[in-house]
Amino acid sequence: MASTTTTMAIMDIATLTLRSSFGSFALLFLLLISTKVTTSVALNNAFLSVKYKYAGREPSLSALKAHDTQRTLRILAGVDLPLGGSGRPDAVGLYYAEIGIGTPTKDYYVQVDTGSDIMWVNCIQCKDCPQKSSLGIDLTLYDVKQSSTGKLVTCNQEFCLEVNDGPLSGCAGNMSCPYLQIYGDGSSTAGYFVKDVVFYDRVSGDLQTTSANGSVIFGCGATQSGDLGSSGEGALDGILGFGKSNSSIISQLASSGKVKKMFAHCLDGKNGGGIFAIGRVVQPKVNMTPLVPNQPHYNVNMKAVQVGHTFLNLPTDVFEAGDRKGTIIDSGTTLAYLPDVVYEPLVSKIISQQKDLNVQTVHGEYTCFQYSGSVDDGFPPVTLYFENSLSLKVYPHDYLFPYEAFWCIGWQNSGMQSSDRKNLTLLGDLVLSNKLVLYDLENQTIGWTEYNCSSSIKVQDEQSGTVHLVAPLV
């Protein structure tokens, strides 16, 4: 059975705009590119407009939980997100952007996610792919034959050999280079690779953009099966990934010498602003912790949990890294999931801050209560500690969600999801909002700092040394 080989030979750069579940959300995605003009090299930045899946509506805790359940199946299977002909990539992702592909150019809406390693779009051969989306966007099936710049990637090309770790049985000569993925939930998707021009807006100055393009190798989804249904509920055209592997956009850009292998995001949970930048962030300064070696995701070594002024008494091996255990940082997950031995004392400590609190279990799994005062005044912050003395403080307004007349706790019990996940710590947007998170794959570290994500950051152009001021779109 073939495993997925999903690689992008990448567009040259960008800046993204998002919308958050709590309001309008600007996400900036900055890459540093080189454009030849005669014999000189100029570095530029580019721009993509990105939106949040739940824009204009506040999702229920149940909707967020359902999203995370589907996503974790992909994480445990070693692939976060559906490939090829999936009609519902949004079911495991949060943010999407509009890009142009081909000549003449057609617009496509792709999910943007730090947990995925590929770029792909649904293709004309896919009979089950959706034609409509509840997101209010027009979906398009890509047809390489209708693009004068589109080309098939063949089995004898270096790209095909690299992504498959050598020749594929039955794949030879000028045959199309295929891929196949079977997921942990039993669904599967298959397709082939193509190369075409991707269009986006290049940052040409302070708050100025011009049109730009770059050649990209991406997956062309042709078939799907299992739970990858044809429903148009929240459907998108494909995925744009920023995962850790060599097939991700950040790895591809770095291997071509266009950027350093590092990026950052800052998601504003208060005002709906945010930034996503590729390149060296020079301001603000960020403290770092090592990534766990030989792990497919952004795994870190968590050491302790503090609720208010009290450290939880936890087993020494509770956060130990390994198969289906350890701590993963994932911006595509909405809530935060903890092993039972961490979850139970943490929730008990939070609830104990208020006497006579009327605690109820909603829908059989959500710990909720009624409280009329300020949650930040009435409940403690939760601080997570990591290797190299890095900490991450999560405030009550981050981990408490309004649900009808209640406040519900956003911390979730990993063991309640399935036995496969009982030892997994998965930290999503609940803990990452209002923090600048920096991924440094050059040095295999990740870090964060509390930051006003509606303000600007500074990113350095590695070749020229120029520092660019990057701010959210308004």
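Modeller: Two residues are in contact when they have heavy atoms within 4.5 Å. This is a predicted model, in which local features need pLDDT of at least 70 and side-chain atom pairs count only at pLDDT 80 or more, while totals for chains, interfaces and linings use all residues. Residues are numbered from 1 along each chain as its sequence is written, and side-chain values use heavy atoms, with hydrogens and water left out.

Biologist: Which residues are in contact with Tyr-142, leaving aside its neighbours within four places in sequence?

Modeller: With those neighbours set aside, the contacts of Tyr-142 include Ile-101, Tyr-108, Val-121, Phe-218 and Cys-220. Across the protein chain, 69% of the contacts with a separation of 6 or more are between residues 24 or more positions apart.

Biologist: How is a nonpolar core to be read, and which residues have the most contacts inside the largest one?

Modeller: A nonpolar core is a set of buried Ala, Val, Leu, Ile, Met, Phe, Trp, Tyr and Cys residues joined through side-chain atoms within 4.5 Å. Buried means under 20% relative accessible area, exposed means over 50%, and partly exposed lies in between (1.4 Å probe, protein chains only). Here the largest such core has 73 residues, and Tyr-142, Val-305, Leu-346 and Trp-411 have the most contacts inside it. Helix H4 (residues 340–351) supplies the largest share of this core, 6 residues. Of the 474 residues in the protein chain, 57% are buried.

Biologist: How many helices and strands does the protein chain have?

Modeller: Helices (H or I, at least four residues) and strands (E, at least two) are DSSP runs, numbered from the N terminus. The protein chain has 7 helices and 33 strands.

Biologist: What is the order of strands in the open sheet?

Modeller: Two strands pair if DSSP finds at least two bridges between them. The open sheet has 4 strands in the order E19-E18-E24-E25, paired antiparallel. Strands E19 (310–311) and E25 (390–394) stand at the edges, each with a single partner strand, so one side of each lacks a neighbour in the sheet. Strand E18 (residues 302–307) is joined to E19 by 2 bridges, and Gln-306 has Phe-311 in E19 as its bridge partner.

Biologist: Which strands does H4 lie across?

Modeller: Axes are lines fitted to C-alpha atoms, for helices over the stretch in contact, and angles run from 0 to 180 degrees between N-to-C directions. H4 lies across E18, E19 and strand E24 (382–386), and runs at about 20° to E18.

Biologist: Which residues does UniProt list for "active site"?

Modeller: UniProt positions are given in the numbering used here, feature names are shortened, and annotations may be inferred rather than shown by experiment. The unreviewed UniProt entry lists Asp-113 and Asp-330. They span 218 residues in sequence, yet no two of their C-alpha atoms are more than 8.8 Å apart, so they gather at one spot. Asp-113 is in strand E6 (residues 106–113) and is buried at 3% relative accessibility. Asp-330 lies in the loop between strand E20 (326–329) and strand E21 (336–338), and is buried at 2%.

Biologist: How many salt bridges does a search of the whole structure find?

Modeller: A salt bridge is a side-chain nitrogen of Lys or Arg within 4 Å of a carboxyl oxygen of Asp or Glu. The search finds 1. The side chains of Glu-320 and Lys-325 form a salt bridge (3.3 Å, N to O). Glu-320 is partly exposed at 44% relative accessible area, and Lys-325 is partly exposed at 29%.
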